[in-house]
Amino acid sequence: MKFNLAMGFTFLAGLLIAGLLSYRLTQREAVREVLQQASIMAGQAAVISDYTAREIAPLLAEQSREQFLPQSVPFWAAHTNFSALQKLFPDYSVRMPALNPTNPADRPTDWQAEIIALFRGNPALQEHISQRASPNGPILSISRPIRVEDRACLECHSTPQAAPAAMVDLYGPSNGFGWEMGETVGAQIISVPMQVALQRAAGTFRTVMLGLGAVFLLMTVLLNLLLHLAVVRRVRRISTAANEVSLGDMAAPELPVSGRDEIASLTESFNRMRRSFANAMRLLEP
């Protein structure tokens, strides 16, 4: 009983430590998986924007002089592609909101405006990771600042007079102007749901804990069996023989000695003591 209590206490302490470490590791892997998905989406958005700037915009340059075509704007192309993807996967999104966008549909929500304000207040900050709750579980977002680093942007966003007339006719002269070089005007915000990754992490955690529990039970059974066969049964045999000798029963045969362990040495010592005791009793007889 003492042996099993000591083993049980040790196991519970080890299980607690292993559980804490496993939980932290599985949660960290879940976050890493979500971050990887977000990074892939960011790369896709960058590729779409670059392709639009290099391949699509030059083809629509002539038509854009007469009619503004948003299809030639890299950010619009990336946003439109991911908006279509969002119809299949509602919790995944890539948005590029701005505080003063040309298209009013690109205005930020409250939590997105807070992120943009964070970038505006910290010009050296290049990335921000945040998490928010939703009806379908937590959502992790990776945000990166959108700064005016190319003077070509000011051709459309400095003043209504300098902007293409077709763009002003489409969106009006009140939105998307007054931008300055180096200014943080918005943010690219990529949102990925964490529920699937967290469920997978929880499943892994349960598997690890059940596996540890099964290993402990197996070890307990094997150790108890070994303890019974190698120690308890042999010590009980010696105890029974010692009790018979103490009651004067000298007719019982000597205990068999097997092995070279401590119990075998104890058995051999008991047999020697029994023989000495028997000889002493014979010498005392009249």
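Helices here are DSSP runs of H or I with at least four residues, numbered from the N terminus. This is a predicted model, in which local features need pLDDT of at least 70 and side-chain atom pairs count only at pLDDT 80 or more, while totals for chains, interfaces and linings use all residues. Residues are numbered from 1 along each chain as its sequence is written, and side-chain values use heavy atoms, without hydrogens and water.

Let's start with helix H1 (residues 2–59), where Arg32 and Glu29 sit three residues apart, about one turn of the helix. Arg32 forms a salt bridge with Glu29 (a side-chain nitrogen of Lys or Arg within 4 Å of a carboxyl oxygen of Asp or Glu). Their closest N and O atoms are 3.1 Å apart. In total, the structure holds six salt bridges.

| Helices | Residues | Angle | Axis distance |
|---|---|---|---|
| H7 and H8 | 195–246 and 262–284 | about 10° | 10 Å |

Axes are lines fitted to C-alpha atoms over the stretch in contact, and angles run from 0 to 180 degrees between N-to-C directions. H7 and H8 are therefore roughly parallel (angles under 35 degrees). Their contact (heavy atoms within 4.5 Å) includes Val235 of H7 and Phe270 of H8.

Conventions: Helices (H or I, at least four residues) and strands (E, at least two) are DSSP runs, numbered from the N terminus. Angles under 35 degrees count as roughly parallel, over 145 as roughly antiparallel, 65 to 115 as roughly perpendicular and the rest as oblique.
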